[in-house]
Amino acid sequence: MSVTERSNLESVSPIDGRYARQTNALVGICSEFALIRYRVNVEVKWLMHLAASPEVTGLGTFDDEQQAFLTDILKAFDPSEGEQVKAIEKDTNHDVKAVEYYLQSKIQDHPTLQPAIPFIHFACTSEDINNLSYALMLRDARHEVFASQFEQLIETLRVQSSELAHLPMLSRTHGQSATPTTLGKEVANVVKRIERGCEEFQAINILGKMNGAVGNFNAHCVAYPDADWAAISASFIDGLGLSINTHTTQIEPHDWIAAYADALKRINVVLIDYCRDTWTYISLGYFAQRKVENETGSSTMPHKVNPIDFENAEGNLGIANALLGHFSEKLPISRMQRDLSDSTVLRNLGTALGHVLIALQSLHKGIGKLEVSEARLGEDIEQAWEILAEPVQTVMRAHGIADSYEQLKGLTRGKRIDQQMLHEFIDQLEIPTTAKQSLKELTPSSYLGVAAQLASQS
């Protein structure tokens, strides 16, 4: 059985096996076929850019028919064309050189493009092609896949935050009963964190270089000494929708990829935090999970409805972050002007992105199953009258009682108190009657500050 005929069950990576449907959106961007297509795209557009540069004599300007022919190569490039490149690579044992030979074969029979063959891959090192191909890959993944995924997640959580803005919830700092909040406010916190993370992620400037073997246009200047190669290179990269890095060795130093990986990693950390909190709220009974008929929660315990979507998301985000962390630490390091240790690492960019995409889809699925248990939330918070020690001692302070904190500590620390005990304590305080009345009107569920307003601002 050939590789192309394999069942998903025979995939080594779950990204292309178990989770193939979830990662399908990345196939046309991060697969090896996509990488080859990006390389073909860069090579063809470089050739066309050279033809449009008056300083590059000997090539000539392409007419409409020639440009259409070259553009059609790009439009028609499909997996079968990619297999042709791979077949050439078996002989060359060099992936970028295989693309060059593939393009030569495509235009060698064209009546007027034959003279352009020497200008395919003109003055390029392989890294000129590769760095731009990976730049286009990561740009497209960010814009075409993850922008909408994060936008959808933010909107889902924003709606949830608004709907739950006024629903009181007992906070648990250090896992212990603490000052109340609302469930919507806690969701709003996550929304704001993801939004900030996405703004930073989208702001990463994607760089590229097209400047030869060690970044100095050495060969370019010998072939065409009067050409402004810096300007030619800059306009080419700008035309690809990227930003130029003017100072490089043989490789574009990947600092921007490190920043891209770190920015995505930070979003993932926020999502891991959200997964764990939501998992805990499910455990506490604050959330129930809508049952899916025919699903099984446990092979031995029939009653189980497990929070598997949040567990799946957490696990995949962790794998992604392990890879993203390696990218940001390794890729900016290359011995002197070039070593090849980045090559095999770069091939795993899609793997990291695949795990992020799986996680995001699991989150969407998990959030869609959540059902709030208002009764459980109310039961929990109304048994925690000790949390009102905070406002009582704060009002006492406002009226000049020096040992306010110590008095409430003696009443409540490590103890369960009820409404009657708290009101009896308030009654004996030497503070104005109006202040006493205000404190006695407080309940754990009404002691919420501006939580609802903050939730509504997400």
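S438 counts as partly exposed, at 45% relative accessibility (buried is under 20% relative accessible area, exposed over 50%, partly exposed in between, with a 1.4 Å probe and protein chains only). This is a predicted model, where local features need pLDDT of at least 70 and side-chain atom pairs count only at pLDDT 80 or more, while totals for chains, interfaces and linings use all residues. Residues are numbered from 1 along each chain as its sequence is written, and side-chain values use heavy atoms, with hydrogens and water left out.

**Helix α18**

- S438 sits in helix α18 (helices are DSSP runs of H or I with at least four residues, strands are runs of E with at least two, and both are numbered from the N terminus).
- From the C-alpha of S438 to that of A76 is 75 Å, and the two residues are 362 residues apart along the chain.
- α18 spans residues 433–441, and its buried residues are A435, K436 and L439.
- Those three share the same side of α18, because they cover an arc of only 100 degrees around the axis (the arc is that of the directions from the helix axis to the C-beta atoms).
- T433, T434 and E441 are exposed, on the face of α18 turned away from its buried side.
- The cover over the buried residues of α18 includes α15 and α17 (419–427).

**Aromatic rings**

- There are 13 aromatic pairs in the structure (rings of Phe, Tyr and Trp, the last by its six-membered ring, pair if their centres lie within 6.5 Å; planes under 30 degrees apart are stacked, over 60 edge-to-face, and the rest tilted).
- One of them is F146 with F150, a tilted pair at 6.2 Å centre to centre with 35 degrees between the planes.
- F146 and F150 are about one helical turn apart, because they are four residues apart in helix α6.
- F150 also pairs with F201, this time edge-to-face, at 6.5 Å centre to centre and 85 degrees between the planes.
- F150 lies in α6 and F201 in α7 (residues 183–202), so this pair ties together parts that are 51 residues apart in sequence.
- Both F146 and F150 are buried; F150 has a relative accessible area of 2%, and F201 is buried at 0%.

**Second largest pocket**

- The second largest pocket holds about 630 Å³ of space.
- Its lining has 18 residues, and the closest to its centre are S177, E386, I387, A389 and T412.
- A pocket here is an open set of points on a 1 Å grid over the protein atoms alone, where a 1.4 Å probe fits, with protein on both sides within 12 Å along at least five of seven lines; lining residues have an atom within 4 Å of a point.
- β2 (176–182), α15 (389–398) and α16 (404–412) are the elements that give two or more residues to the lining of this pocket.
- By type, the lining of the second largest pocket splits into five nonpolar, seven polar and six charged residues (nonpolar is Ala, Val, Leu, Ile, Met, Phe, Trp, Tyr, Cys and Pro; charged is Asp, Glu, Lys and Arg; the others, Gly among them, are polar).

**Positive phi**

- Most residues other than glycine have a negative phi.
- N93 has a positive phi near 55 degrees, and it is found in the loop between α4 (79–92) and α5 (95–107).
- N93 is exposed, at 70% relative accessibility.
- A123 has a positive phi near 60 degrees, and its place is in the loop between α5 and α6 (126–163).
- A123 is partly exposed, with a relative accessible area of 21%.

Definitions and conventions: Grid points are joined across faces, edges and corners, and a volume is the space filled by probe spheres set on the points. Contact means heavy atoms within 4.5 Å.
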